[in-house]
Amino acid sequence: MDTATEFGRLIGPLRRAVLRTRRAAELPDLPEAQIELLRALAEAGPLSPRQAADRLRLAPSTISNLVRTMTAAGLVERKPSATDLRTVHLIATPTALEMLHTYDRTSTAALHRALANLAPHNREAIERALPALAELLTVLEADS
């Protein structure tokens, strides 16, 4: 089996295994797209829906659906722009930011435990692969 096929088969189960760590912290089962939007708002601060769509490389309609669901759940607030009343800014609520912080802390701890259980040469291989994985992400995003 070639590298691309093997990597493709592993990436989904790895991502889901990390996402399952939120159950240990009794966090809600948020879809990955909602987590990504919360992370973008936490990192960048308030964003317009268009800025969020561009940043996450999602269709504006997808952002609208996410925002509608997340607003109803109390995770995102829509604030009118002070300079352009036609524009709103999306803001992660304090509850959402705390949930994201708890999720990150929980998943990081799970990854630390898992990495500690690997053979040293495999742990080092993963560490050495991180820059290549970051570059792979950049290339894949540029291609899409």
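1. Arg 39 is partly exposed, at 27% relative accessibility. Here buried means under 20% relative accessible area, exposed means over 50%, and partly exposed lies in between (1.4 Å probe, protein chains only). Its salt-bridge partner is Asp 104, with the closest N and O atoms 2.8 Å apart. The pair links distant parts of the chain: Arg 39 sits in helix H3 (residues 32–44), Asp 104 in helix H6, 65 residues apart. Asp 104 is partly exposed too, with a relative accessible area of 24%.

2. A note on the source: this is a predicted model, where local features need pLDDT of at least 70, side-chain atom pairs count only at pLDDT 80 or more, and totals for chains, interfaces and linings use all residues. Residues are numbered from 1 along each chain as its sequence is written, and side-chain values use heavy atoms, without hydrogens and water.

3. The salt bridges come to 4. The rule asks for a side-chain nitrogen of Lys or Arg within 4 Å of a carboxyl oxygen of Asp or Glu. One of them joins Arg 50 and Asp 54 (3.8 Å, N to O). Both residues lie in helix H4 (residues 49–56), 4 residues apart, about one turn of the helix. Another joins Glu 77 and Lys 79, at 3.5 Å between the closest N and O atoms. Glu 77 is partly exposed, at 31%; Lys 79 is partly exposed, at 38%.

4. The protein has 7 helices and 2 strands. These are DSSP runs numbered from the N terminus: helices (H or I) of at least four residues, strands (E) of at least two. The order along the sequence is α-α-α-α-α-β-β-α-α. Of the 144 residues, 25% count as buried.

5. A nonpolar surface patch covers about 790 Å², and its members include Phe 7, Ile 11, Leu 111 and Leu 136. Patch residues have over 30% relative accessible area and no salt bridge; nonpolar side chains (Val, Leu, Ile, Met, Phe, Trp, Tyr) are joined within 5 Å, like charges within 9 Å. Helices H1 (3–19), H6 (94–116) and H7 (120–143) each supply at least two residues. H7 gives the most, with 5. Leu 136 belongs to H7 and is partly exposed, at 35%.

6. Which residues gather in a patch of positive charge on the surface? They are Arg 15, Arg 16, Arg 20 and Arg 23. Lys and Arg count as positive, Asp and Glu as negative; His and the chain ends are not counted. Arg 23 is in helix H2 (residues 21–24). Arg 23 is exposed, with a relative accessible area of 59%.

Conventions. Areas by Shrake-Rupley, 256 points an atom, 1.4 Å probe, with all protein chains shown as cover. Charge placed at Lys NZ, Arg CZ, Asp CG, Glu CD.
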